Amino acid sequence: MSVISAGMVKELRERTGAGMMDCKRALSECAGDMDKAIDYLRVKGLAAAAKKEGRIAAEGLVESYIHGGGRIGVLVEVNCETDFVARGEEFRSFVRDVAMQIAAANPQYVSREDVPAEVLQHNKDIFRAQALNEGKPEKIIEKMVEGRIEKFYKEICLLEQPFIKDPDVTVKDLVLEKTSKIGERVVIRRFSRYELGEGLAKRQDDFASEVMKEMNR
């Protein structure tokens, strides 16, 4: 059986717009043959997500989620193309999962494109200084900075974060999969997260574990 590499999955996803897990499954079913995998996704109707990127998504839901008796509150807006889809259980369940993700993982931005240039540069400067202090050779410092910036994105950008129900899938992958399944463009537009006593000295709580327990009830 052919070994399916992460690079192959990434290439197929970029070429089709299908979700990561769908791409991995297609490559496995087609013994690693890229062209056959593309046809497989087209037959399954999973290769259409990328084509929906330019379509207008102005319907949807604003979902609220309150955790721990009022200790964390989240408001998130997720858009789709029609009110019919917005009222469906599939879409509503997805939006609630997104709200819980925000409560648990505390992202600061929706996507990496939303990170202000000054914030990005500030962190690059810090990572570069850290590498220098660690005594790393100058020739590898830039690669180290790039790697740490990627990790930084995964920590603060909602779409880059591992999905708390399935860490092998990012939230961006989940959006693509829902777009393919629902048949409409799905967009996480914006969110606000409030935490009781935020900015004040207080004990540290493992909110991710608590939210996961609630999701699995």
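Let me begin with Glu 177, which is found in helix H8, residues 171-182; helices here are DSSP runs of H or I with at least four residues, strands are E runs of at least two, and both are numbered from the N terminus. The model is predicted, so local features need pLDDT of at least 70 and side-chain atom pairs count only at pLDDT 80 or more, while totals for chains, interfaces and linings use all residues. Residues are numbered from 1 along each chain as its sequence is written, and side-chain values use heavy atoms, with hydrogens and water left out.

A salt bridge requires a side-chain nitrogen of Lys or Arg within 4 Å of a carboxyl oxygen of Asp or Glu; Lys and Arg count as positive, Asp and Glu as negative, and His and the chain ends are not counted. A polar atom of the Glu 177 side chain does lie 3.4 Å from the backbone nitrogen of Met 21. Leaving out residues up to four places away in sequence, Glu 177 touches Gly 19, Met 20, Met 21 and Asp 22, where contact means heavy atoms within 4.5 Å.

I turn to the nonpolar cores, defined as sets of buried Ala, Val, Leu, Ile, Met, Phe, Trp, Tyr and Cys residues joined through side-chain atoms within 4.5 Å. The largest has 28 residues, and Val 76, Val 78, Phe 91, Phe 94 and Ile 188 have the most contacts inside it. Among the elements giving two or more residues to this core are strand S1 (59-67), helix H5 (89-105) and H8. H5 gives the most, with eight residues. Apart from this core lies another, of twelve residues, among them Leu 120 and Met 144.

Finally, the salt bridges: the count comes to 14. Glu 90 pairs with Lys 178, their closest N and O atoms being 2.6 Å apart. This pair links distant parts of the chain, Glu 90 in H5 and Lys 178 in H8, 88 residues apart. Glu 90 is partly exposed at 30% relative accessible area, whereas Lys 178 is buried at 17%. Asp 83 forms a salt bridge with Arg 87, at 2.7 Å between the closest N and O atoms.

Key:
Polar contact = N/O pair within 3.5 Å; in protein donor to acceptor, adjacent residues only side chain to side chain. Buried < 20%, exposed > 50% of the residue type's maximum accessible area, 1.4 Å probe, protein only.
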